[in-house]
Each structure stands twice: as C-alpha cells, then as structure tokens.
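Keep the viewer open and follow along.

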There are 2 protein chains.
Amino acid sequence: MAQSVLLTGAAGRVGQAVLGDLADEHEWRLMDRDPPTDDHPGEFVVGDVTDEKTVREAMEGIDVVIHLAGDPRPEAPWDSVLTNNIDGTQTVLEAAANAGVEKVAFASSNHAVGAYETEDRTPEMYQPHDDYLLDGTELPRPGNLYGVSKAAGESLGRYYHDEHGLSVVCVRIGNLTQGHPPIDYERGQAMWLSYRDCAHLFDRCIRAEYDYEIVYGISDNDRKYYSIDRAREVLGYEPRDNSAHHDDDPSA
Amino acid sequence: MAQSVLLTGAAGRVGQAVLGDLADEHEWRLMDRDPPTDDHPGEFVVGDVTDEKTVREAMEGIDVVIHLAGDPRPEAPWDSVLTNNIDGTQTVLEAAANAGVEKVAFASSNHAVGAYETEDRTPEMYQPHDDYLLDGTELPRPGNLYGVSKAAGESLGRYYHDEHGLSVVCVRIGNLTQGHPPIDYERGQAMWLSYRDCAHLFDRCIRAEYDYEIVYGISDNDRKYYSIDRAREVLGYEPRDNSAHHDDDPSA
C-alpha cells in the first residue's frame with residue numbers, strides 16, 4: 001500500500017535525489033519555503049517549518065515525514081541554525097506526534113560528528129585500509145554550529161520517540177553528489193552518497209519498522225569511516241554504489 | 001592563586017550551594033537576571049545570558065565560567081528552553097571563547113538522560129544492589145524538552161572545546177537538596193547531591209585540568225545509577241555524603 005509521505009525541504013538537493021527515484025512510489029505532499037519551479041508529484045505546500053500552523057496543517061493524513069528542511073550550510077551562523085534547524089525540527093516533531101504520524105526520518109549530517117576527524121587521525125582515516133569506524137553509538141562531536149544543530153535534532157528525535165511513541169530514524173547524510181563521487185577529495189569519496197543510494201535509503205526509512213535509530217547515509221565506499229551495518233540491519237539498506245568503482249555505475 | 005570566576009545564574013539553588021562553601025575561595029563575579037537580595041561575595045552583574053553585550057562585558061578578566069543560568073524547570077516549555085538554555089549557553093560559550101577564558105563548567109542535568117529510566121528498568125535501578133550504571137559516554141536520552149536543551153548545551157560545549165580550545169566540563173546534576181536527601185523518594189535518593197558535595201564538585205571544576213568531560217554530579221549514594229568514577233579520576237571529586245547514611249552527616 002502506498003504511504004502518504006510529507007517531504008519538507010523538498011526543493012533541496014536531498015529532496016531532489018529522493019523524488020528523482022521515488023516520485024511514483026508513494027503519495028507525496030511536498031513542502032518548501034520556495035514555490036515549485038518544475039513538475040512535481042503530489043501536493044505542494046509553500047511554507048516554512050518554523051511556522052507552526054502551516055506545519056500542523058501539512059501533517060493531516062500523513063503516515064511518514066521525511067524532514068529535510070533547514071539551513072544546509074555547514075558555515076551557517078548560529079541564529080539561522082537555531083531557528084531553522086533546531087526550532088524547525090521541534091515544530092515538525094511536535095506536529096507529527098500530535099497528528100499521529102508513524103515515522104519521521106530526520107536529515108542529520110556528517111557534520112554532527114565532524115570533529116572526530118582530528119589532526120591525529122587524518123588523512124589516514126580516509127584511506128581504504130584504515131579501519132577507524134564511527135557507528136552511530138558515539139556521542140556527537142560537531143565540527144561547526146550547523147553540526148550542533150543536527151545533533152540537537154537527533155536528541156529531539158530521541159525525546160519524541162521515547163515520550164510520544166514516534167518511530168524516528170536520524171540519517172547522518174554524507175557527501176551527496178550526482179553522477180560521480182567528488183574528484184580529488186578523499187574525505188568526500190569516503191562519505192559519498194550517490195543519488196540512487198540516497199533515494200533507496202529514504203525509501204527504506206519509509207517502509208521499514210524501527211524504534212529510534214541513528215544511521216549513516218553513505219554508499220558502500222571502500223574508503224568509508226562510517227559504518228553502514230546498522231542501516232543494513234534495521235532498514236534493509238542495500239547500497240549499490242562505491243566511490244572506488246564509480247565508473248561501473250554510470251546511473252549513480 | 002585565586003581564580004576569577006564568573007558564576008551565571010548565581011541566585012539559583014546550585015549557585016547558592018556553590019557560594020555557600022566557596023565564597024572566600026575565589027574571586028567572584030556573579031551574574032543573574034534578578035538583582036541580589038542578600039550579601040554576596042565579589043561583583044554582581046544584573047543581566048540575562050541571552051544578552052550578548054552584557055555577557056561579553058562580564059567575561060573580561062575571567063579565568064573560569066560556571067554557567068548555571070537557564071530555565072531550571074523540568075516542565076519548561078520549548079520556547080523558554082530554546083531561548084534561555086540553548087541560545088543562552090551558546091552566547092556564554094561564544095563570549096568565553098572570544099575572551100580567552102580557560103574553562104567552562106556547564107550545569108547539565110540528569111534530565112538529559114532521564115528516558116533511560118524505562119518501565120522495564122524501574123524501580124529496580126534505584127535499588128542499592130542493582131548494578132545498572134550510566135557513565136557519561138552514553139548518548140543523550142532526554143525525558144523532557146528541558147533535558148533536550150541540556151543535551152544541546154553539552155554538544156555546544158563539545159564544539160567550543162574542539163574548535164575553540166575551551167576546556168569544558170558538563171556536570172549532569174542530580175537532585176540537589178539541602179540538609180538531607182529526599183524523603184520517601186528512591187529515585188531522588190539515588191541521585192542526591194548534597195550542598196557540600198555540590199560546592200566541592202564545582203570547586204574541582206575550577207581547579208582541575210581537563211579537555212572535554214561529561215560527569216555526573218551526585219553524592220556517593222548506595223542507590224546510585226550514575227557513575228562518579230570519571231568525576232573522581234579527572235576532577236579529583238571526593239564526595240563526603242551518601243543518601244544511605246545521611247544521619248551521620250548533619251552538615252550535608
């Protein structure tokens with residue numbers, strides 16, 4: 001049965017990757033601050049996630065929320081991430097809990113743990129043979145205030161799961177690029193997420209059953225220092241791409 | 001050598017416990033939204049931690065900050081903890097980093113991990129013989145939005161340590177009561193913090209050397225489910241009280 005999915009931040013890059021492969025798979029309600037410039041599946045709500053009334057109305061009849069909206073800039077100033085990312089995520093989770101939504105997939109970020117990449121560990125940790133792995137059980141260690149805001153969103157998700165019964169998965173998204181992995185950038189290759197793996201991962205977030213999870217959203221890259229075991233086990237994530245072999249996968 | 005210590009939220013309960021024993025031990029600059037009603041050591045700045053200019057001025061010449069200010073109510077609404085606790089803590093840490101402050105001790109809370117107290121574990125975990133222990137390496141699991149705000153403060157502290165070099169210790173304060181532990185309240189007895197242990201613990205936060213730490217702030221209670229090993233090892237915390245023996249310690 002198709003599920004009704006609210007996608008916030010639909011016009012952003014992750015939203016476009018998701019819709020590129022999944023437009024016909026679910027009943028979509030898209031939300032973005034900016035009106036659509038292109039064809040799109042389903043309904044479109046123009047509005048800001050910090051606007052409680054708009055968010056409350058957008059939740060009606062929704063089974064699953066994919067919450068991508070927020071200031072996506074790693075260098076975003078505090079006031080913007082406080083409002084758009086932290087307060088915006090609380091508004092979405094509160095409305096989802098009140099509306100009886102089942103699941104929320106939250107776009108967290110590699111920046112929530114960016115400061116694990118210390119001088120001592122880099123660049124060795126980006127090499128295929130290096131076995132350093134983060135697995136989602138570690139404490140946040142943000143490299144910027146944007147990362148702090150994503151860690152706060154993860155804690156909010158934990159709270160709304162424990163106290164309000166929402167299923168919540170936080171996806172620490174790596175480096176999403178279309179067509180091929182970042183060139184001459186080992187860190188970006190280590191955390192590459194192809195468009196089709198991104199769409200597949202969020203499809204699994206819509207379909208799988210879970211309680212509260214933090215997973216890494218990257219392709220199956222030889223260079224990876226983020227474990228994808230939990231995403232495989234809990235969500236049934238089966239990535240098809242690997243930044244080491246991208247020439248084999250022209251559709252990535 | 002006496003250190004110059006800025007104490008925010010000086011008029012609150014933790015502030016009063018700290019000043020009760022340490023008034024003569026350091027050079028104090030006290031800050032609170034409300035003007036003092038009593039004798040107090042050192043200078044007093046009337047101001048709000050969300051006011052950047054006041055906070056910046058209050059940091060001048062300061063070695064150590066003990067940041068207690070914020071909405072202390074476990075049931076505080078989101079808007080209040082977003083502003084007073086999350087934004088206020090960012091303002092304090094940013095100003096401390098810019099002013100060249102050495103150390104910040106942040107008043108986190110047991111509420112940052114309150115939801116570990118699940119139906120399955122309680123009330124067994126409050127019993128002296130039960131060996132369930134949280135030690136500060138676990139992910140936040142807030143039982144309320146106040147706890148979410150404290151977890152966000154911990155992530156902010158991590159960021160300001162990693163990226164700006166501040167020494168930061170987050171103290172997950174238990175149940176602070178004067179004179180004796182909570183009566184007929186096993187959970188409160190498990191996480192009791194006596195006034196004199198509270199003052200001693202923050203004195204250690206002022207004097208010890210550390211990088212980034214999360215420690216539990218409780219007395220050495222038989223019932224405890226929070227480890228105090230890290231506070232002992234890193235800070236040299238030596239609690240004198242135990243809620244099981246409080247009759248022996250009338251001065252607690």
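Let's begin with overall size. Chain A has 252 residues, and a compact globule of that length would have a radius of gyration near 18 Å; the value for chain A is 17 Å, which agrees. Keep in mind that this is a predicted model. Along the principal axes, the C-alpha atoms of chain A fill a box of roughly 50 × 35 × 35 Å. Chain A is built from seven helices and nine strands, and 53% of its 252 residues count as buried. Look at contacts in chain A with a separation of 6 or more, and 69% of them come from residues 24 or more positions apart.

**How the two chains go together**

How does chain B relate to chain A? A rotation of 180° with 0.0 Å of shift along its axis puts chain B on chain A, with an RMSD of 0.0 Å. The two copies are therefore related as by a two-fold rotation axis. Both copies use the same surface, too: 100% of the contact residues of chain B recur in chain A.

As for the contact itself, 22 residues of chain B are in contact with 22 residues of chain A. On the chain B side, the elements that give two or more residues are helix 3 (78–99) and helix 4 (145–164). Helix 4 of chain B gives the most to that side, with 10 residues.

| Helix of chain A | Residues | Span, first to last C-alpha | Expected span |
|---|---|---|---|
| Helix 3 | 22 residues | 30 Å | 32 Å |
| Helix 4 | 20 residues | 28 Å | 28 Å |

Helix 3 of chain A isn't straight all the way along: it has a kink of about 30°, centred on Gly88(A). Just past the end of helix 3, Gly100(A) takes a positive phi of about 75°.

Is helix 4 of chain A enclosed or open? Of its 20 residues, 17 are buried, so helix 4 is largely enclosed by the rest of the structure. Just after helix 4 of chain A comes another glycine with a positive phi, Gly165(A), at about 80°.

**The nonpolar core**

In soluble globular proteins, nonpolar side chains tend to be buried together. Here the largest nonpolar core has 149 residues.

Setting aside neighbours within four places in sequence, Ile66(B) is in contact with Val5(B), Leu7(B), Val18(B), Ala105(B), Phe202(B) and Cys205(B).

Start with Arg73(A), which sits in the loop between strand 4 (64–67) and helix 3 of chain A. Arg73(A) has 11 C-beta neighbours inside 10 Å, so it counts as exposed. Follow the chain for 72 residues and you reach Leu145(A), yet the C-alpha atoms of Arg73(A) and Leu145(A) are 9.9 Å apart in space.

Next come the cis peptide bonds. In chain A, the bond from Thr122(A) to Pro123(A) is cis, with omega near 0°. Pro123(A) belongs to the loop between strand 5 (103–109) and helix 4 of chain A. In chain B, the bond from Thr122(B) to Pro123(B) is cis as well, again with omega near 0°, and Pro123(B) lies in the loop between strand 5 and helix 4 of chain B.

Finally, check the aspartates. Asp184(A) is not a glycine, but it has a positive phi of about 55°. You'll find Asp184(A) in the loop between strand 7 (175–176) and helix 5 (186–190) of chain A. With 6 other C-beta atoms within 10 Å, Asp184(A) is exposed.

What about chain B? Phi of Asp184(B) is also positive, near 55°, and Asp184(B) occupies the loop between strand 7 and helix 5 of chain B. Asp184(B) is exposed, having 6 other C-beta atoms within 10 Å.

Note on methods: Residues numbered from 1 in each chain as written. Chains lettered and ligands numbered in written order. Predicted model: local features only at pLDDT ≥ 70, side-chain atom pairs only at ≥ 80, totals over all residues. Least-squares fit on C-alpha atoms with pLDDT ≥ 70 in both. Contact = placed C-beta atoms within 7 Å. Helix = DSSP H or I, 4+ residues; strand = E, 2+ residues; numbered from the N terminus. Expected span 1.5 Å × (residues − 1). Bend = angle between axes of the 7 residues up to and from the residue. Core = buried A, V, L, I, M, F, W, Y, C linked by C-beta atoms within 7 Å. Buried ≥ 20, exposed ≤ 12 C-beta atoms within 10 Å, placed from the backbone. Rg over C-alpha atoms; globule rule 2.2 N^0.38 Å.
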